[in-house]
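Hi,

Here is the structure I promised to pass on. Have a look, and my notes follow below.

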Amino acid sequence: MYELGADLKIGKTTYTLVLNTKALADIQKMYGSVDSVAQRLTYDDEDADQTTSVLEVLADVVAVLANEGSALREEEGEPHTDPITTAQVLRRLMPKDIGKTTTAVMEALRLGLVDPDAKKPDENAVVDEVLQEIEAEKNA
């Protein structure tokens with residue numbers, strides 16, 4: 001598995017879904033942003049027929065992420081995998097697999113966007129409200 005990807009089996013083939021900058025650019029061209037994709041995949045898009053919208057978005061994004069994963073694996077010396085199209089994803093994906101496919105897509109998006117080494121705020125830290133106010137005034 002590519003270290004920043006999520007594996008997903010579609011039919012008899014296992015693909016590694018990878019969000020790299022090429023995939024990000026392709027997704028932005030199709031849907032405007034990764035946030036828009038996440039909203040649609042979690043049924044937060046109020047403007048569309050939900051079932052059709054989710055399936056089409058899911059298939060589009062799986063195809064983009066899988067093809068980038070395949071290209072990266074090929075660059076690392078693994079055997080060539082033919083690109084998968086949106087239509088092939090829709091044809092090979094079974095309704096029972098929609099949940100795990102959505103989970104794999106969301107995981108690939110998270111792995112591509114979130115720096116695992118980034119410093120996380122300490123939830124238990126004592127907050128000095130006066131210092132926060134002073135900092136806010138300086139930055140205003």
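At what angle do helix H1 and helix H2 pack, and how far apart are their axes? H1 (residues 21-31) and H2 (residues 34-41) pack at about 65°, and their axes are 8 Å apart. Axes here are lines fitted to C-alpha atoms, for helices over the stretch in contact, with angles running from 0 to 180 degrees between N-to-C directions. That makes H1 roughly perpendicular to H2 (the label covers 65 to 115 degrees).

Before I go on: this is a predicted model, where local features need pLDDT of at least 70 and side-chain atom pairs count only at pLDDT 80 or more, while totals for chains, interfaces and linings use all residues. Residues are numbered from 1 along each chain as its sequence is written, and side-chain values use heavy atoms, with hydrogens and water left out.

Back to the helices. On the H1 side, Leu24, Ile27 and Tyr31 meet Val34, Ser36, Val37 and Arg40 of H2 (contact means heavy atoms within 4.5 Å).

Now the strands. S1 (residues 5-10) and S2 (residues 13-18) run antiparallel and are joined by six bridges; Leu8 has Tyr15 in S2 as its bridge partner. Two residues sit between the strands of this hairpin, and Gly11 takes a positive phi near 65° there.

Overall, the protein chain has six helices and two strands (DSSP runs of at least four residues, H or I, for helices and at least two, E, for strands). Of its 140 residues, 34% count as buried, meaning under 20% relative accessible area with a 1.4 Å probe, protein chains only.

Cheers

Notes
Parallel < 35°, antiparallel > 145°, perpendicular 65-115°, else oblique. Pairing = 2+ DSSP bridges. Buried < 20%, exposed > 50% of the residue type's maximum accessible area, 1.4 Å probe, protein only.
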